[in-house]
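Subject: Structure handover

Hello,

Please find the structure below, followed by notes on what was found in it.

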Amino acid sequence: MALSDHFPALIVALLLFSAFLTPPVYRWTPRFSAPLTTFCLSAAFLMAILLTAEVSRSGPLLYHMGGWPPPYGIELKVDPLRSYALLVILGVSLWIFVYALKDLSHELRIYVIGWYYTLFAILVASMAAIALTNDLFNLFVLMEICTIAACGIISIKEDRECLEASFKYLILSAMGTGCYLLGVAMLYMATGYLNFDLLNGALTEAFSLYPRNIFTAAALFIVAFGTKSALFPLHVWLPDAHASAPSPSSAMLSGLVIKVFAIALFLIFYQVFPREILNAVPLTEIVLWLAAAGVMFGSIYAMLQADLKMMLAYSSIGQIGFIFLGLGLDQELAITGGLYHVMVHAITKAMLFMSAGVIIYTTGVRKIKDLAGIGRALPITMLAFTVGSASMIGLPGTGGLISKWYLALGALEAGRPLFVLVILASSLLNAVYYMPIIISAFMHQGEFEYKVRPVPNMMKIPLIIGALAVIITGLLSRPVIVMLQEAVASML
Amino acid sequence: MEILQGIINNYYYMAAIILFVIGMHTMLTHANMIKKVIAMNIMDASVFLLFVAVGYRYGGQAPIIVEGADGVYANPLPGALILTGIVVAVSVTAYALSLIVKIYRFYGTCDYDEICELRSDE
Amino acid sequence: MDSARVMFLLMFIVFFPILMAPVIFYACRYSVRIRDSLAVVTSGITFLATLTLYPAVSGGEVYHYSLFEVLPNLAISMRIDILSFCLASLASLVWFLCAIYSVDYMAKEHACSRYYTVFIFTLGSCLGIFFAGDLFTLFVFFELMSLIAYLLVVHEETEEAMKAGYKYLVMTIIGGLALFFGIIIVFELGGTVSLAAGHIIGESSVLALLAFICFLIGFGMKAGMFPLHVWLPDAHPVAPSPASALLSGIMLKTGAYGLMRVIFHVFSPELIKGAGWDLILGILAVITIMLGSAVALTQEDIKRRLAYSSISQLGYVLLGLSILNSNAITGATFHIFSHAFMKSVLFLAAGSIIWKTGRRKIADLKGIGRQMPVTLGCFSLAAIAMIGIPPLNGFLSKWTLALGALDAGMPIYVLVLLISSLLNALYYLPIIIPGFFEAPPGEEQEEDDHHHEIKFDIQEATPKMLIPVIILALCTVFFGLTPNNIAYALSQLTSAFLLGGGTL
Amino acid sequence: MIEILNALLLLFLVVCAIGVAYIRDLLSAVILFSAFGLIMAIIWQQLSAPDVAMVEAALGTGVASLLMIAAISKTKRAE
Amino acid sequence: MEDQIVRMTSRLVVPFIQVYGIYIIVHGHLSPGGGFSGGAIFGASLVLLALSFNLEAGMKQISHQTASVLESGSAIAFLLAGMAGVFFGGNYLANRAAGYPLGEAGALFSSGAVFVITLFLGIKVASTIATLFYNIIEGED
């Protein structure tokens, strides 16, 4: 076997390797630990690219851990959708990590930075594995690892808000995990399988025997993933957690972690449950209304916030609603739009949190009303912020428009123009709370001329890259969209 | 009567679900954080119980290969999975407890409601 | 003209200004003069390049180029036909003259580098709207222009400007979202949004009506159509005068242009008429005309009065679009020309007056004609054209529109035009007559002593500000003297072209 | 016979769980929890899953209770 | 807890617990048990020492620093043991395909990679429990 066949396992193993190697290395020579993690992340990203190329050339790839085939062994699967998720996860986290290198020295005490690298690598590894795994129980373990690592990169700051927020996050997501596991048990009871593909085959038959088990499982999955990815009524943990964390963590959590669970729900709904089960009960209908409510309420809450990061966190609740809207509409184009929004929002929100981080780093300001005139002091940062906001609003030329375009098209195709109005209304609300920040940052006079620290290049360059990426996702989206559309069409 | 029969036949499942509900209710309604953690463990354990009960075959032996044992074993797969699950649950517990100790250092209380009050007072 | 050359010219015209914008931004670090002349030269070159396209389209040819696909079936594409050419040449001419005017006008202002960058950038995006080959491209450039023009609106950075700008921005985004919705419906119904396809939506349905209303909101908002005009009277007066001239003279027209494209390419005149949607547009246009004229009467600030006047004048264009016959479309297109010239003159002249004297209130403008006779003369010429006095172009457009209304059997529209002209007279003449024949407020006492001797103390604005005003004023005369002028001929061509379904 | 034992054990589990919810003293709650865990281990032994029972006894009950007691010793004992 | 009885008992019991833990770790593939449970038992014995005497006594057996180094070291070793599969032509974490000798069924060394992995896992779990306990109990940092 060629080495490239092992990439699915190697990506995860390499990241874990870097995670466990970092603490001793950091203790021994702190200088080496950052390059080490960066190297491992880039190598993993490179592998993901090669893997994607491989998958697009020769179709889905299965990998059996330890050579044990399912139902006994753990199976990893790479299909176009998963490789897309993998690319987004690894690419965005590498990008955030580069930014984090500088920002962390400001936000964390020096001796925990090594631990931060460890947690970061574990988080990325678990997310990559969530995207890859083809086994429900393995997914459970990975979700727990992911949650602990995510809580870890919040609570590592060790101030009171962070600790409290991460505890809240931990408890609520423990509830989510409990529900998930119960759902898995229900499916296991009905079929005796945990592997996605085997379950998919067996569920049709089991559905006639134990319909209640299977419905309950699906509903529990919605609750579980809804909690973990902050679907509307289950979002209560998110704002505190995302706002109080160090900025790179916020970028990571808002940008990737909540999306990963959304992707997992996509995979479970479309790769595990056969169509007739989804058609038999209005599960997607529930998701649809919750998502629409989330889109609206997230935006409305965001308008009421005084703290910049709090506002961005609430905005994430609205944006995750867009992703679930795709699932809820249960229609090819809408799902494509929702999945594309995973990438768009990952890049955009990460960039917005990064620029908030730069603002806090250079001026120490967190309140929105204190941002007046900051655009003159930090032009590049605020330009990046502007580009990000444009994408959030969905202005043409940014990725936000593309995903909204597909979502709206899907809503029309499904015969539900009402949800197009929801999308438009949320865009308007986004405009109403993002625009004043930009306007006051560039147009009003503030007293920032004297107390601004210079922005280090290590923070500036990721921001510029992010702004370019947002524009690229808006203009050169065609290949990704075509790939996603094919993947979705084959799933439906 | 049929329902009762169903309950009696599936009493492991029923117990597991009851424990799950008790655990989740305690976890979400009690303000004390350590209580929340204990309840979380109960909740997890109940699901594990459900899993193992699913894998159990009536009259089956433990899945250990011993000389002279005949063929009927309980399904070992849920056992292997639950093993992992318990470890995961314990690690979450450990992490939550260390968080609680740190939170106590800041707020002087383990009561979540009191913490919320303290925060809103600021 | 061969196709590749046309394509190159189109790309050049749209992207040259956009690419020059950052150059201008950096040029200001070295020299103010370089920056100013770069702005003038850029707009001049763009104007000349646009003119060279005339032979390509004069015969009714259409060129369509797909640049690259953003999404499947959704490309960024370019297109030119006679209508695009009309508006593009008009826009680049006015832009060029405003650029010349800006050089001296803006010398007193702050943040000039931002102003010029935005000024040139909006030129590119505005031309992009006119040369867009499909609705999506049109939408992209439309939003780009509208959003960037925000910086022109708030240029003064006073509290009033910020408020007006915010209103402008919110309305722009609402309009953009409505357009987005409309375009999506069109895409859903027709599978394409390309303007090359002809009539994308062939039959009336609820969704089609929804799309029409969305376009009406989106483009009508830009064109200042009632009830979406609320941003306009705030936003136009607070901008610097050359920017006001562009906002009122050209950028409003992008809304009308978009509606034309929608009516003739997405739907079809037959469909609009058959479904009775022309009535919606007609009623809104009448309300817009009357309301704009009536409110203009009550305004004290000269630029606000001009802004309200713009609302009512754009109502004429919309009226022409709602009548949908040959004469009416000719009139509407020609009125786009006329209004661009007239309103630019008015705003630029008002700008000169404000620049020179600092007076904005109409009551303070008494006797201004003694100080600035040429400026006020040009202003009067344009105002008279606005009222519709015969040899000027305003008359010609109103006349053509009235002919169209009569052709369609709607004499009530003629009445509307007459009433509006009367109202125009009522709010323009009180500026002109006291401007020439009354004494300035401070000099009344003095004047009694000198036995009503009319004193001319000429203090005109600088030549760079005067010449564009004069040129534009001459245009109003030149394009109004006879119906055989080039603008009128182009309008007739356009009308025949559009009603002929894309051929002459 | 063995069925009845199992049912009783399950009943005891439920009682322990409810007890954990109602006891105000955290240390007692932890003790009850470890009782819960040990009974759970017995049940798993009954369900022919000895390895799970072992892990539950060692980790789920032993270590978890230990850590909880350590945490309580660092914080407050009463709820 | 200055209780003589507790100290004596634990001093007596701890070696047995530790041996039992090791037994469970290495017999994981033959009888119930394995890395997780054996590691937990071993780790618990350390905690017991620390509880019945004092923190220093526990630390004497395995210090906080050693524990954390062991923690990451064993995890890395685990990953590398898995890598062997890739190097020798099997899948990641492969057993026989990676060339681990399997031996005779029922004997102690009869499981190839499983033995290696369980061993590392046991070390990992034991040291993790020790670090966790120290972390909670040590207080300020």
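**Confidence in chain C**

Chain C of this predicted model has a mean pLDDT of 84, and 96% of its residues reach 70 or more. Within chain C, confidence is highest in helix 6 (residues 135–153), at a mean of 89. The lowest value in chain C belongs to helix 19 (residues 444–449), with a mean of 53. Where pLDDT is low, the predicted coordinates should not be read in detail.

**Which chains touch**

Six pairs of chains touch, and the pair with the most contacts is chains B and D. Two pairs that do not touch can be listed as well. Chain A and chain D make no contact, and their nearest C-alpha atoms are 15 Å apart. Chain C and chain E are not in contact either, with 40 Å between their closest C-alpha atoms.

**Chain D by itself**

The C-alpha trace of chain D spans about 45 × 25 × 10 Å along its principal axes. Of the 79 residues in chain D, 57% are buried. Taking the contacts in chain D between residues at least 6 apart in sequence, 59% join residues at least 24 apart.

**Chain D against chain B**

How many residues of each chain take part in this contact? On the chain D side there are 40 residues, and they meet 44 residues of chain B. The size of an interface is often given as the accessible area lost when the parts come together. For chain D and chain B the buried area is about 3500 Å², and carbon and sulfur atoms give 80% of it. Zero salt bridges are counted between chain D and chain B, while four residue pairs are in polar contact across that interface, both residues being at pLDDT 80 or more.

The side of chain D that touches chain B draws at least two residues from each of helix 1 (2–22), helix 2 (26–46) and helix 3 (50–74) of chain D. Helix 3 of chain D supplies the largest share, 13 residues. By class, the side of chain D that touches chain B consists of 29 nonpolar, five polar and six charged residues.

**Chain A against chain B**

Chain A contributes 35 residues to its contact with chain B, and chain B contributes 39. The area buried between chain A and chain B is about 3400 Å², with 79% from carbon and sulfur atoms. Which residues of chain A lose the most area to chain B? They are A:Arg160, A:Phe167 and A:Tyr188, which together account for 21% of what the chain A side buries.

There are two salt bridges across the interface of chain A and chain B. A salt bridge joins the side chains of A:Glu164 and B:Arg119, at 2.2 Å from N to O. Five residue pairs (both at pLDDT 80 or more) are in polar contact between chain A and chain B.

Helix 5 (136–155) and helix 6 (160–191) of chain A each give at least two residues to the side of chain A that touches chain B. The most, 21 residues, come from helix 6 of chain A. The side of chain A that touches chain B divides into 23 nonpolar, four polar and eight charged residues.

Regards

Notes
Residues are numbered from 1 along each chain as its sequence is written. Chains are lettered from A and ligands numbered from 1 in the order in which they are written. Side-chain values use heavy atoms; hydrogens and water are left out. Contact means heavy atoms within 4.5 Å. pLDDT is the predictor's confidence in each residue, from 0 to 100. Helices (H or I, at least four residues) and strands (E, at least two) are DSSP runs, numbered from the N terminus. Buried area is the accessible area (1.4 Å probe) that two parts lose on being put together, summed over both. A salt bridge is a side-chain nitrogen of Lys or Arg within 4 Å of a carboxyl oxygen of Asp or Glu. A polar contact is a pair of N or O atoms within 3.5 Å; within protein, one must be able to donate a hydrogen and the other to accept it, and residues adjacent in sequence count only if both atoms are side-chain atoms. Ala, Val, Leu, Ile, Met, Phe, Trp, Tyr, Cys and Pro count as nonpolar, Asp, Glu, Lys and Arg as charged, and the others, Gly among them, as polar. Buried means under 20% relative accessible area, exposed over 50%, partly exposed in between (1.4 Å probe, protein chains only).
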